[in-house]
Amino acid sequence: MDDGMTHVKVSIKTPHGEIEGGIGVPHQLMTSVDLVPGALDLTDNIVGLAIEHANSQDLRVSCRKGCSICCNQLVPVSKPEAFFLLDLIRERLPPKIRKMVKGRLGIAAAKLGESGIAARLDKPTILDEDHDQVGEDYFKLGMPCPFLADQGACGIHPLRPTACREYNALTPAALCADPVKNQVRVALPALKMSMVLAQLYAQETGTAAELMPLVLAPGWAAEHEEERGPPVEGPELFGRLMGIVSRAGWAKPPESPGGPEADEGSTR
Ligand code: SF4
């Protein structure tokens, strides 16, 4: 029976293990923005394998609900995620929260402007050698994510960006208070889906693959509303996404605790 979907079997071999499953992709025109929910699920699978691998080496994730210091870091998001966040703010947040988040986004953008960080990002890519330094300077601003809710919980937890899902500390939580000074180790996923989405968007629009800070993303998306990319049949677009995943350079498997698995001193 034709249910308007193509059912695709997904099988991905990562250095941390295999991901297998099925997904139904609708027969309708879509853009890379529509693939963000699927990319979030895939991120969870890839991250889950990285954590399992860390556990097998007697390393445990120390992140807990309410421990939100990492939400002061620069969170890099792809352009499809930027549009996804814009839609989320417009369509899913209750009016009171929407107003609060918009206000916080405005304050964050102003702070980035005053600090000179926005100008340094005006390339606009943050995928260069200056990324680490920008990340450090950003963290020093002490600016919590606009989506952070009371008691340090993420206000959009089920829909949070890929980068937020990929940050799982293996060192004591106290070290995260100053990830610039301390060596914070995270369970490094074998693949960062933000980069996959950035590459898909770049491929579809003939532009460069770029990431941007979460706090600037909804504003950028609102200013580039018409640039979501050309609509493509769902199964075709999903195939292109999986093509990028299959060609991706997977991070090398860790050699030992404290080895390459450890993304030390990371500010995301
Ligand atoms: S989206 Fe959520 S998890 Fe990500 S930085 Fe913001 S509050 Fe933290």
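I take a nonpolar core as a set of buried Ala, Val, Leu, Ile, Met, Phe, Trp, Tyr and Cys residues joined through C-beta atoms within 7 Å. Buried is 20 or more other C-beta atoms within 10 Å of a residue's own, exposed is 12 or fewer, partly exposed is in between, and C-beta atoms are placed from the backbone.

This is a predicted model, where local features need pLDDT of at least 70, side-chain atom pairs count only at pLDDT 80 or more, and totals for chains, interfaces and linings use all residues. Numbering runs from 1 along each chain as its sequence is written.

**Core.** Which residues touch the most other members of the largest nonpolar core? I found Ala82 and Ala217, out of 65 residues. H1 gives the largest share, 9 residues.

I checked Ala217's contacts (C-beta atoms, placed from the backbone, within 7 Å). Leaving aside neighbours within four places in sequence, they are Val77, Glu81, Ala82, Leu85 and Met212.

**Loop.** Thr31 sits between strand S3 (29–30) and H1. I count Thr31 as buried because it has 20 C-beta neighbours inside 10 Å. Beyond four places in sequence, Thr31 touches Arg228, Gly229 and Pro231. Arg228 is 197 residues away in sequence, yet 6.6 Å from Thr31, C-alpha to C-alpha.

Conventions. Helices (H or I, at least four residues) and strands (E, at least two) are DSSP runs, numbered from the N terminus. Two residues are in contact if their C-beta atoms, placed from the backbone, lie within 7 Å.
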